[in-house]
Amino acid sequence: MKKSIIALLLMAFSFSLSAQNIKQDALILYNNGHYAESIAVCEQELAQNPNRVESYVVMCWALVRNKQYLEAEQRALQGLKVSQYDLRLTEILGEARYFLGKNNGAMEQFQKYVANAPESSSRVGTAYYYMGEIYIRQARYQHADIALSAAVRKEPLIANWWVRLGYSREMAKNYYEAANAYDEALRLNSSSIEAERGRNRVAAKLQ
C-alpha cells in the first residue's frame, strides 16, 4: 500500500516537472530564436490544457517573429477569450494586425495597451513605435512624431527608431528637429545609410 502511494506521488511529481519544463522550454526556444519549435511546444501544452494563457502568449510572440501573422491574430483572439484583460495578448494582437496591414485594428490594440500597461512594461516602447509607423502610413506626421518620441524615450538606444522619428519630422517639415533625430541615429549607428541620407536631405533644407 505504501509503495503504491509513493509510486503515485512520484508520478504526480514527474508530471508537474514535465509541465514546468514544457513552459520553460517554449520560452527558452523563443528567446533563442527557435520560433517553429516554440510554437510546437505551446501547441502540445494547449492540447493538454486549452486555458493555459502563458502558452497563448509565448505562441503568439513566436508566431509573429516567424511571420505567421494571420495565425498569430487568430491565436491571440483565442487567448483573449480565456483571459480578456491580458495586456501581453493585447499588444501582440496589435503587432499581428500591424503586419497584416490592419491599421485601425492594430492602433486600437496598441492604444489599449499603452493606456493600461505599467510604465515598466517591456513592450510599451514597442507599442509606441508601431503606433508611429501606422501614423506614417496614414501621412499623419505630427502624430507620428509624438508616438515615436515616446518610443525613443522608453528605449533610446534603437537607432532605427530615431531614423523613423527623423523621417516623421522631416515629412512634417520640422527640419531642425529632424536633423537632431538623424544625428542621434548616426551617433548610435554611424553606418546607417538611411540616417545619413535623411541628415543630408534636411541639411539641404536648412541652408
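1. Cys 42 is a buried residue, with a relative accessible area of 0%. The model discussed in this note is a predicted one. Cys 60 likewise counts as buried, at 0% relative accessibility. What is the distance from the sulfur of Cys 60 to the closest cysteine sulfur? That sulfur belongs to Cys 42 and is 8.8 Å away, too far for a bond. A disulfide needs the two sulfur atoms within 2.5 Å, and Cys 42 is in no disulfide. The structure as a whole holds zero disulfides.

2. Next, the overall make-up. The protein has eleven helices and zero strands. Read from the N terminus, the elements run α-α-α-α-α-α-α-α-α-α-α. The protein has 207 residues, and buried residues make up 44% of them. Among contacts with a separation of 6 or more, 48% are between residues 24 or more positions apart.

3. Helix 3 and helix 4 pack against each other. Where their axes are 9 Å apart, the angle is about 165°. Helix 3 is therefore roughly antiparallel to helix 4, since an angle over 145 degrees counts as such. The crossing of helix 3 past helix 4 is left-handed. On the side of helix 3, the contact involves Val 53, Tyr 56, Met 59, Cys 60, Leu 63 and Val 64. The residues of helix 4 in this contact include Tyr 69, Ala 72, Ala 76 and Gly 79. Cys 60, discussed under point 1 as buried, is thus one of the residues of helix 3 that meet helix 4.

4. Helix 4 also packs against helix 5. How far apart are the axes of helix 4 and helix 5, and at what angle do they cross? The axes come within 9 Å and cross at roughly 155°. That makes helix 4 roughly antiparallel to helix 5. Helix 4 passes helix 5 in a left-handed crossing. From helix 4, the residues that meet helix 5 are Tyr 69, Ala 72, Glu 73, Ala 76, Leu 77, Gly 79 and Leu 80. Their counterparts in helix 5 include Leu 89, Ile 92, Leu 93 and Phe 99.

5. Arg 97 deserves a separate look. Is Arg 97 buried or exposed? Arg 97 counts as buried, at 15% relative accessibility, because the limit for buried is under 20%. Leaving aside residues up to four places away in sequence, Arg 97 touches Glu 73, Leu 77, Lys 102, Gly 105, Ala 106 and Gln 109.

6. The structure holds 15 salt bridges. One of them joins the side chains of Glu 54 and Arg 88, with an N to O distance of 3.0 Å. Glu 54 lies in helix 3 (residues 53-65) and Arg 88 in helix 5 (residues 87-99), so this pair ties together parts that are 34 residues apart in sequence. Glu 54 counts as partly exposed at 36% relative accessibility, and Arg 88 is also partly exposed, at 29%.

7. Another salt bridge is formed by the side chains of Lys 154 and Glu 119, at 3.5 Å from N to O. Where do Lys 154 and Glu 119 lie? Lys 154 is in helix 8 (residues 141-154), and Glu 119 is in the loop between helix 6 (103-116) and helix 7 (124-137). The two residues are 35 residues apart, so the pair links distant parts of the chain. Lys 154 counts as partly exposed, at 31% relative accessibility, whereas Glu 119 is exposed, at 54%.

8. Helix 8 is part of a further pair. Asp 145 forms a salt bridge with Arg 169, and the closest N and O atoms are 3.3 Å apart. Asp 145 lies in helix 8 and Arg 169 in helix 9 (residues 159-171), so parts that are 24 residues apart in sequence are tied together. Both Asp 145 and Arg 169 are buried, whereas Glu 54 and Arg 88 under point 6 are partly exposed.

9. Last, a group of charged residues. Which residues are linked in a network of salt bridges? The network consists of Arg 65, Glu 91, Glu 95 and Arg 123.

Note on methods. Residues are numbered from 1 along each chain as its sequence is written. This is a predicted model: local features need pLDDT of at least 70, side-chain atom pairs count only at pLDDT 80 or more; totals for chains, interfaces and linings use all residues. Side-chain values use heavy atoms; hydrogens and water are left out. Buried means under 20% relative accessible area, exposed over 50%, partly exposed in between (1.4 Å probe, protein chains only). A salt bridge is a side-chain nitrogen of Lys or Arg within 4 Å of a carboxyl oxygen of Asp or Glu. Helices (H or I, at least four residues) and strands (E, at least two) are DSSP runs, numbered from the N terminus. Axes are lines fitted to C-alpha atoms, for helices over the stretch in contact, and angles run from 0 to 180 degrees between N-to-C directions. Angles under 35 degrees count as roughly parallel, over 145 as roughly antiparallel, 65 to 115 as roughly perpendicular and the rest as oblique. A crossing is left-handed if the near helix is turned anticlockwise from the far one by less than a right angle, and right-handed if clockwise. Contact means heavy atoms within 4.5 Å.
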